[in-house]
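Q: I'd like a close look at one part of this model, and then at whatever surrounds it. Please start from the sequence and structure here.

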Amino acid sequence: MAERTVADLLVERLSDWGVDRVFGYSGDGIDGVMGALRRAGKPTFVQARHEEAAAFMAVGHAKYTGGPGVCLSTQGPGAVHLLNGLYDAKLDSKPVVAIVGQQASTVLGSAYQQEIDLVRLFGDVCAQFVQAAHTPEQVPMLIDRAFRTALATRSPTCVILPHDVQSAPAPDPAAHEHGVMVTSPGLRPARVVPREEDLRAAAEVLRAGERVAIMVGQGAYGAAAEIVELADRLGAGVTASLLGKPVLDEGLPFHTGVMGHLGTTASEQLLRNCDTLLLIGTNDPWTEFYPAPGQARAVQIDIDGRQLGMRYPIEVPLLGDAAETVRGLLAEVQPRPERAWRDQVEAWVRRWHEISAARATAPAEPMNPQFVVHSLADRLPADAQVAVDVGSIVYWYARHLRLPRGVPAHLSSTLASMGCGLPYGIAAKLAAPGRPVILLTGDGAMQMTGLAELVTVAARWRDWADPRFVVCVLNNRDLAEVSWEQREMEGEPRFATSQQLPEVPYAGYAELLGLRGLRVTSPDDLPAAWDTALAADRPVVIDAVVDPAIPLLPPGRPFEKVKGMYAGLAAEGGEAARRAEAHLRRERADEGYDDPAG
């Protein structure tokens, strides 16, 4: 029998931490670990097409399962490729452990091939914990600390393993001597609740408010029932950050939808008119859409004390778990009979539903991208998992896809990195292979990484209990979000050389891989395309050809905030710009604005 190595010990430790799968790409710097994974047979190794995608898969695993994600790469370029996905984990506060190979200890410092100072490289993204192993005895302790720190701080961590350390004999687990740290795996979450006097102070603020708004973020997961009860007692309206969109049922008559630049008119009206604000587990950066400072008294609940008071002046900060803390507030808040504010909020919500339906069904050339997502809403399976890539698709997801209760949906929100969608979807499918996955993406993200990772889907789908994996590509041949940002923020015309994308036959490419491809160019064909894709016996790519002239319009902004859009379109000229201006004026009129001509 071969001698047990440090790599074998590492793999055993991963299983001790409950790791089911490791996402990565092989290379000589991790040959020892790959050999140990082969010998052990678990955790399962998931081969991505690129280390960046592997890191995104690890983040996706953390988001869909709640457990730590693990990614694995070799030294040098493989390590560098991990950074983007790890920054996604850092900015969205998700536990991920990166295990990275390194050249043999004996050559470090010699400018050896692929030698990079990895501790320095990962020093920012894995600031909570990054360490290189120098001896076999360190490795169990470093792995335990990496997992414990990732879970305790909800952040990425990194352990660097030189090749000679990986292949060294495993240390004695019963060693009991000076200078050897003996640790154990495992961490159980604590019950964190605020002090009673702070709960009473917060309740007093909320009771005094006449127009209460509640904003929920991803930190409110697991507290939906309590938040709805509190909102009912206060007669409050509810809005959500982008990451908080799946937390509450958006069919609630007082749920105004997502807030911010890509949010709804109802959410903008809620926050502009409230006199009291309760933030629950959110750190959304769109602060210009919050109430003006001084407009509202505010209470904030967060499990991370570093986030309290970060986005808005807070009168009573509450450090605690969302569900436990809201239950504490319920003990101090009685139902109020007044309905005027709630009635107003529900009227705004009804009006938004009218606006969103009108926008989605407005004619476009050849299809309106809003209608693509709008037509999915009533067809989304109750057991689906949704992944969303970054770009203009996020606006349409935020505004038009009403998620059934219990359907998770995730994207790279704070980092907002294109290329996350396919890796997220794959991670979701591997975690729950019996549930259908729907990915919403744009052509820019699809060309960046999606085409490569579709190969991963093609290689793995036959192992899934439910083969449904639907990739909907909004094909407008444009980096639309940046085009509209250039107009809005700079008053600049679209720079075609920078923004125009080459035509790619997404549906045909799917067919080449043995998947199903559907190209849709008419809104009349969309419902049937969704129905076909959601009933297929294999993954399906829907190539939805859509109009880039549909504006990414922020809600409720005065003319001064959108006049750059008009200026940019005027400078562009041409039929497409005229069509975009017509759409812009129509959507502005939906919100009650009569923008000046010229």
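Which residue just after α23 takes a positive phi?

A: That's Gly592, with a positive phi of about 90°. Before going on: this is a predicted model, where local features need pLDDT of at least 70 and side-chain atom pairs count only at pLDDT 80 or more, while totals for chains, interfaces and linings use all residues. Residues are numbered from 1 along each chain as its sequence is written, and side-chain values use heavy atoms, leaving out hydrogens and water.

Now the helix itself. α23 covers residues 574-590, which is 17 residues, and spans 25 Å from its first C-alpha to its last, close to the 24 Å expected at 1.5 Å a residue (that expectation is 1.5 Å times one less than the number of residues). Helices (H or I, at least four residues) and strands (E, at least two) are DSSP runs numbered from the N terminus.

Six strands with parallel pairing make an open sheet, in the order β14-β13-β15-β16-β18-β17 (strands pair if DSSP finds at least two bridges between them). At the edges stand β14 (409-410) and β17 (516-520), each with a single partner strand, so one side of each has no neighbour in the sheet. Inside this sheet, β13 (residues 385-388) and β15 (residues 437-442) pair in the parallel sense over four bridges, and Gln385 sits opposite Val437 in β15. Helix α15 (residues 392-400) lies across β13, β14, β15 and β16 (469-475), running at about 130° to β15; such angles run from 0 to 180 degrees between N-to-C directions, with axes fitted to C-alpha atoms, for helices over the stretch in contact.

Thr441 belongs to strand β15 and is buried, at 0% relative accessibility. Leaving out residues up to four places away in sequence, Thr441 touches Asp389, Ile393, Met446, Val471, Cys472, Val473 and Leu474 (contact is heavy atoms within 4.5 Å).

There's another open sheet of six strands, in the order β9-β8-β7-β10-β11-β12, again with parallel pairing. Its edge strands, β9 (255-258) and β12 (316-319), each pair on one side only. Neighbouring strands here are turned by 15° against each other on average, direction ignored. Five bridges join β7 (residues 212-216) to β10 (residues 276-280) in the parallel sense, with Ile214 having Leu278 as its bridge partner in β10. Helix α9 (residues 196-208) packs on this sheet, touching β7, β10, β11 (297-302) and β12, and makes about 130° with the direction of β12. Helix α10 (residues 224-234) lies across β7, β8 (237-240) and β10, at about 170° to β7.

Last, the cysteines. A search of the whole structure turns up zero disulfides, a disulfide being a pair of cysteine sulfur atoms within 2.5 Å. For Cys158, the nearest cysteine sulfur is that of Cys126, 5.1 Å away. Cys158 is buried at 0% relative accessible area, and Cys274 is buried at 1%.

Conventions. Buried means under 20% relative accessible area, exposed over 50%, partly exposed in between (1.4 Å probe, protein chains only).
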